[in-house]
Amino acid sequence: MDEPYMFSEQELLERLAERKKWYEGIAEPAIPSSNPTVTEVVETLKRDGVCVIKNFMPHQAAVDLGKRFNQIIDDHLSGTNQLETKVHNFPKPEICRILHADKLHKDAGVFFNSPFILEVAKAYTCGNIVSWQRMAERRNAKIVHGPSDAYHVDEAFYFKFKAFLYLSDVTETTAPFDYYKGSHRDSIWRTPKELNMLRYELEGEDSVFGFRGNFFEDREIDYLERKHGIERLICEGKAGTLILTDTRGIHKATTPVTGGRTMLGHYFELPRNR
């Protein structure tokens with residue numbers, strides 16, 4: 001017989017309301033920008049949850065930076081030059097993610113130290129959001145399914161703002177970022193996922209289905225498309241394309257079909273210790 005849950009649904013709802021109130025209390029007000037471009041991006045994010053900006057970095061500069069990171073990854077995997085920073089392979093070298101990537105090549109600073117991206121983050125989320133993770137990721141051409149290749153949300157209500165910079169040309173079949181526009185906004189359909197994620201946080205991994213309770217089955221996505229009008233956006237783009245996104249919305253990475261891709265990722269969060 002399955003073990004009973006520690007918390008009833010009503011108790012979870014009460015704790016969820018309490019936690020949201022606490023989080024709102026530690027988040028400083030967003031900082032409005034006087035830059036019209038930033039304002040336009042923020043309005044797009046509020047509406048869609050994702051904004052794609054072409055040519056954030058010149059194409060050739062992005063391609064060259066991608067080649068450099070590919071070489072860094074190849075040298076690490078072959079043992080020629082082992083990195084001291086943390087490296088994740090999910091679960092094989094076909095999916096390689098390097099943390100603290102900002103320390104590996106000076107030209108990556110254009111992305112990781114961008115005042116524009118930070119200004120957007122603070123104008124969209126809250127004034128005390130901070131840089132949380134800086135990584136490089138490569139998906140090889142080989143068809144290998146990764147842990148993020150199914151639709152999910154990163155957080156229930158905690159801020160999770162991400163910026164991605166493509167370092168290779170990305171098409172529908174070379175592992176683009178995939179997002180459901182509008183799915184980041186508060187809606188009654190989010191409540192079961194929020195409760196699942198809170199239950200995981202309180203009771204542990206055996207209490208929910210789908211990792212942290214944050215993944216969606218195909219039937220759920222079909223329902224949300226039909227009943228709530230969320231619209232899928234496959235973020236194709238040339239090297240140098242910037243993607244800004246609120247990953248409280250439904251999204252996924254995609255499994256490469258005809259080729260791989262290399263990109264940088266910069267994640268922003270509001271620190272929380274509770």
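F56 is in contact with V110, F111, S114, F116, I117, L165, G240 and L242, leaving aside its neighbours within four places in sequence; contact means heavy atoms within 4.5 Å. This is a predicted model, in which local features need pLDDT of at least 70, side-chain atom pairs count only at pLDDT 80 or more, and totals for chains, interfaces and linings use all residues. Residues are numbered from 1 along each chain as its sequence is written, and side-chain values use heavy atoms, with hydrogens and water left out. Helices (H or I, at least four residues) and strands (E, at least two) are DSSP runs, numbered from the N terminus.

**F56 and its loop**

- F56 sits in the loop between β1 and α3 (59-78).
- With a relative accessible area of 21%, F56 is partly exposed; here buried means under 20% relative accessible area, exposed over 50%, and partly exposed in between (1.4 Å probe, protein chains only).
- F56 and K181 are 125 residues apart in sequence, and their C-alpha to C-alpha separation in space is 21 Å.
- The loop between β1 and α3 also holds N55, which counts as exposed at 59% relative accessibility.

**Backbone points to check**

- Most residues other than glycine have a negative phi, and most peptide bonds are trans.
- N55 is not a glycine, yet its phi is positive at about 60°.
- H100 is likewise not a glycine and has a positive phi of about 55°.
- You will find H100 in the loop between β3 and α4 (109-112), where it counts as partly exposed at 44% relative accessibility.

**The sheet**

- Seven strands make an open sheet: the 7 strands follow the order β1-β8-β5-β10-β4-β3-β2, with antiparallel pairing. Two strands pair if DSSP finds at least two bridges between them.
- At the edges are β1 (50-53) and β2 (87-89), each of which pairs on one side only.
- On average, neighbouring strands of this sheet are turned by 20° against each other, direction ignored. Axes are lines fitted to C-alpha atoms, for helices over the stretch in contact, and angles run from 0 to 180 degrees between N-to-C directions.
- Strand β5 (residues 161-166) runs antiparallel to strand β10 (residues 261-269), and 6 bridges join the two. In this pairing, K162 stands opposite Y267 in β10.

- Strand β3 (residues 95-99) is largely enclosed by the rest of the structure, because 5 of its 5 residues are buried.
- Both faces of β3 are covered, with I95, R97 and L99 buried on one side and C96 and I98 buried on the other.
- β2 pairs with β3 in the antiparallel sense over 3 bridges, and V87 stands opposite I98 in β3.
- β3 also pairs with strand β4 (residues 130-139), again in the antiparallel sense, over 5 bridges; C96 stands opposite R138 in β4.

**Helices α2 and α5**

- Two packed helices are described by the angle between their axes and the distance between the axes.
- Helix α2 (residues 36-48) and helix α5 (residues 115-124) have axes that come within 9 Å and cross at roughly 50°.
- α2 and α5 are therefore oblique to each other. Angles under 35 degrees count as roughly parallel, over 145 as roughly antiparallel, 65 to 115 as roughly perpendicular and the rest as oblique.
- T37, V38, V41, V42, L45 and K46 in α2 meet F116, E119, V120, A123 and Y124 in α5.
- By class, this contact of α2 with α5 has 8 nonpolar, 1 polar and 2 charged residues; Ala, Val, Leu, Ile, Met, Phe, Trp, Tyr, Cys and Pro count as nonpolar, Asp, Glu, Lys and Arg as charged, and the others, Gly among them, as polar.
- α2 lies across β1, β5 and β8 (242-246), and runs at about 135° to β1.
- α5 lies across β1, β5, β8 and β10, and runs at about 20° to β8.

**Helices α1 and α6**

- Helix α1 (residues 9-26) packs against helix α6 (residues 191-203) at an angle of about 90°, with axes 10 Å apart, and the two are therefore roughly perpendicular to each other.
- E9, L12, L13, R15, L16, R19 and K20 in α1 meet T191, E194, L195, L198, R199, E201 and L202 in α6.
- The residues of this contact of α1 with α6 divide into 6 nonpolar, 1 polar and 7 charged.
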